[in-house]
Amino acid sequence: MKILVTGANGYLGKGVVKTLLDDKVEVVATDLADGHIDPRADIKIADLFHIQDPYRCFGQPDVLLHMAWRDGFVHNSVNHILDLPKHYQFISKMIDAGMKHAAVLGSMHEVGFFEGSINEFTPCNPQSLYGISKNALRQLVELKCKEKDCVFQWLRGFYIVGNTEDGCSVFSKIVQAANRGDKEFPFTMGFNQFDFLDYDVFCRYVADVVEQEKVTGVINICAGRPEKLADRAERFIRENNFPIRLDYGAFPDRPYDSKAIWGDEWKLLNVEKEKASSLIQERINK
């Protein structure tokens, strides 16, 4: 299996590339820079939006894992709308040229303001340019895959917890503040409840999804349970022994953030069952 990973130099892409390589998968990794990409990958620095024949350029991969996206943490950046047709054109070129498996990283922000558990049938009413663009791309790519009989996987990500400085999440910002020597970190009241998944677990789940093609459609990459933002942030500080405290109420909650939202993990559990079955069969064959 050869998997093309776009956005491979990004905060999430670099971890997924490493996990796939650890699984002995052949990885073609592409981005605008390569400073964080595992050198075991076949690295290609490229601008996806200006390649005439990307399928041939990237060595005719079996699977596309499209993680490239700019301004992901700037939810109302106009670049989300401007880049949308470019993402679709790139993916379409790959499928039209013969690729038979497309997996794209999505976001729970596609759903918009919703309270409760999200599954693949939950109606979407996104409340930001980021969510609107991701949701539109999901619908466009799904139609394209049906037209061309291509495996379609939409990996709907939730809230990822990592302890490195190079991300843009609140957890990366806590790391940055602690490393600066700050004693307080400005925070909301932290009452909202979200679905949190540790970084390494997220990468593991993404790799497991794209390494198989029996479980398809919208797949939540999630923990399957809600937790208060304040509780997870406090636990994160304890886990990393940071001498910093949260300054509650310094920022207001974002008006489009749900009070309690989490993913239904049923399809993800099926992916893990599929992986276990494949490993057992592989051992039998040996």
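## Basis

The model is predicted, so local features need pLDDT of at least 70 and side-chain atom pairs count only at pLDDT 80 or more, while totals for chains, interfaces and linings use all residues. Residues are numbered from 1 along each chain as its sequence is written, and side-chain values use heavy atoms, with hydrogens and water left out.

Helices (H or I, at least four residues) and strands (E, at least two) are DSSP runs, numbered from the N terminus.

## Helices α3 and α4

Helix α3 spans residues 79-96 and helix α4 spans residues 129-148. Their axes come within 10 Å and cross at roughly 20°. Axes are lines fitted to C-alpha atoms, for helices over the stretch in contact; angles run from 0 to 180 degrees between N-to-C directions. The angle makes α3 roughly parallel to α4. (Under 35 degrees counts as roughly parallel, over 145 as roughly antiparallel, 65 to 115 as roughly perpendicular and the rest as oblique.) The crossing of α3 past α4 is right-handed. (Right-handed means that the near helix is turned clockwise from the far one by less than a right angle, left-handed anticlockwise.)

Contact means heavy atoms within 4.5 Å. On the α3 side, the contact residues include His80, Leu84, Tyr88 and Ile95. On the α4 side, they include Tyr130, Leu137, Val141 and Lys144. The contact holds 13 nonpolar, four polar and three charged residues. (Ala, Val, Leu, Ile, Met, Phe, Trp, Tyr, Cys and Pro count as nonpolar; Asp, Glu, Lys and Arg as charged; the others, Gly among them, as polar.)

Lys144 of α4 is buried, at 9% relative accessibility. (Buried means under 20% relative accessible area, exposed over 50%, partly exposed in between, with a 1.4 Å probe and protein chains only.) Lys144 touches Tyr88, Ser92, Ile95 and Asp96, not counting residues up to four places away in sequence.

## Helices α5 and α7

The axes of α5 (residues 170-180) and α7 (residues 229-239) come within 11 Å and cross at roughly 40°. The two helices are therefore oblique to each other. This crossing is also right-handed.

Val170, Phe171, Ile174 and Val175 of α5 meet Leu229, Arg232, Ala233, Phe236 and Ile237 of α7. Eight of the contact residues are nonpolar, none is polar and one is charged.

## Nonpolar cores

A nonpolar core is a set of buried Ala, Val, Leu, Ile, Met, Phe, Trp, Tyr and Cys residues joined through side-chain atoms within 4.5 Å. The largest has 35 residues; Leu20, Leu65 and Phe202 touch the most other members. Elements that each supply at least two residues include β1 (2-6), α1 (13-22), β5 (101-107) and α8 (266-285). The largest share, seven residues, comes from α6.

Leu20 touches Ile3, Val5, Val25, Val27, Leu65, Ala207, Val210 and Glu211, not counting residues up to four places away in sequence. A second, separate core of 27 residues includes Leu48, Phe58, Trp69 and Phe90.

## Single residues

Asp71 sits in the loop between β4 and α3. Its phi is near 60°, a positive value in a residue other than glycine. Asp71 is partly exposed, with a relative accessible area of 28%. Asp149 lies in the loop between α4 and β7 (151-157). Phi of Asp149 is positive too, about 55°, although Asp149 is not a glycine. At 65% relative accessibility, Asp149 is exposed.

Gln193 lies in strand β10 (residues 193-194). It is partly exposed, at 29% relative accessible area. Gln193 touches Pro226, Glu227, Lys228, Lys259, Ala260 and Ile261, not counting residues up to four places away in sequence.
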